[in-house]
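Please look through the structure below with these notes beside you.

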Amino acid sequence: MELQQMRYVLAVAETNSFTRAAERCHVVQSALSHQIARLERELGAKLFERTSRRVRITAAGAAFLPAARECLDAADRAAAEVAAAVGEVRGRLAVGLIPTVAAVDVPAALGEFRDRFPHVRISLRVGASDDLTDQIRTGTLDLAFLGLPTTAEPREVVAVELARDRLVAVVAPNHPLATETSVPLHRLAAEPFVDLPAGTAGRVQSDLAFAAAGLDRDVAFEVTTADYIARLVRPGIAVAMLPATYAPQLTGITTVEITDAPARVEYVIWNRSGRTPAASAFLTILGIAKA
């Protein structure tokens, strides 16, 4: 069994296509198909069901994937450690972040990192804190930047606190609350809200704050990005609450302080097995001291 065969299997599983997998792996399709067929003979089981219209992974293939990913990750880490030992940073840097991260400027740091370490393959995923934490645990991501309520902490990962922030009200410029210096939660509770989906960390911090105050609110609109929150706030369709350090990045809205505002904590996290040389180099660029 060869590492390249495992890479081919993962590529097919992720693309559901031998053609797209071959393009991703920069190899002709016939060579990729030959190597997977050779591996299937060695394993004594079919990894994929092939039809004229689609490719579907088999039960045997699904069982093969987790261990294959672990082997490839271990091989990549070993190669990266060897390169680091001779003063080079290679391998991959897979970063995840929530849309409203504000404690660090991840895009600017990624640009600097690319210029300094051109041999590292960079990828970025934006998602919810819980999903990103899961991807850190499984090794899909090397680093992730989260925002959680003060009542929660990342679990089963290494976590470093970056900053604490409070939420502010976000309203349309012509909204009656836009002229206020500050408002209490009970005045916001009467407004229709736009917020993140129920159960996500970004939503929980607001839900907990209203519940603690004994208030109900109407979350009439659920969206997955802060940009779309702003699109519903600008015309006065709804109000929202966003981190104070993030809200100024949005245009066409007005922010109002909340006297009894909920708070959140931003973290950077990585797998308990340690950081790759690329991840450590990226944190150095961000000015985050080694934990």
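1. Apart from its neighbours within four places in sequence, Gln 5 is in contact with Gln 35, Arg 38, Leu 39 and Glu 42, where contact means heavy atoms within 4.5 Å. Gln 5 lies in helix H1 and is buried, with a relative accessible area of 1%; buried stands for under 20% relative accessible area, exposed for over 50%, and partly exposed for what falls in between, using a 1.4 Å probe and protein chains only. The C-alpha atoms of Gln 5 and Glu 40 are separated by 10.0 Å, although these two are 35 residues apart along the chain.

2. Please keep in mind that this is a predicted model, in which local features need pLDDT of at least 70 and side-chain atom pairs count only at pLDDT 80 or more, while totals for chains, interfaces and linings use all residues. Residues are numbered from 1 along each chain as its sequence is written, and side-chain values use heavy atoms, with hydrogens and water left out.

3. Helix H1 covers residues 3-15, and its 13 residues reach 18 Å from the first C-alpha to the last, close to the 18 Å expected at 1.5 Å a residue; the expected span is 1.5 Å times one less than the number of residues. Buried residues of H1 include Gln 5, Met 6, Val 9, Val 12 and Thr 15. After H1 comes Asn 16, whose phi is positive, near 55 degrees.

4. How many helices and strands are there in the protein chain? There are ten helices and twelve strands, both being DSSP runs numbered from the N terminus, with helices (H or I) of at least four residues and strands (E) of at least two. Of the 291 residues in the protein chain, 44% are buried. Among contacts between residues at least 6 apart in sequence, 72% join residues at least 24 apart.

5. The largest nonpolar core has 37 residues, of which Leu 93, Phe 113, Phe 145 and Phe 282 touch the most other members. Such a core is a set of buried Ala, Val, Leu, Ile, Met, Phe, Trp, Tyr and Cys residues joined through side-chain atoms within 4.5 Å. Helix H10 (277-286) is among the elements that each supply at least two residues of this core, and the largest share, seven residues, comes from H10. Leaving aside neighbours within four places in sequence, the contacts of Phe 282 include Leu 93, Val 95, Phe 113 and Phe 145. A second, separate core of 19 residues includes Val 9, Ala 21, Phe 64 and Leu 65.

6. The second largest pocket holds about 300 Å³ of space. Of the 24 residues that line this pocket, the closest to its centre are Ile 98, Pro 99, Thr 100, Leu 196 and Gly 202. On a 1 Å grid over the protein atoms alone, a pocket is an open set of points where a 1.4 Å probe fits, with protein on both sides within 12 Å along at least five of seven lines, and lining residues have an atom within 4 Å of a point. Grid points are joined across faces, edges and corners, and the volume is the space filled by probe spheres set on the points.

7. Ala 244 is found in the loop between S10 and strand S11 (254-258). Is Ala 244 buried or exposed? Ala 244 is buried, with a relative accessible area of 17%. Beyond its neighbours within four places in sequence, Ala 244 is in contact with Asp 165, Arg 166, Leu 167 and Val 168.
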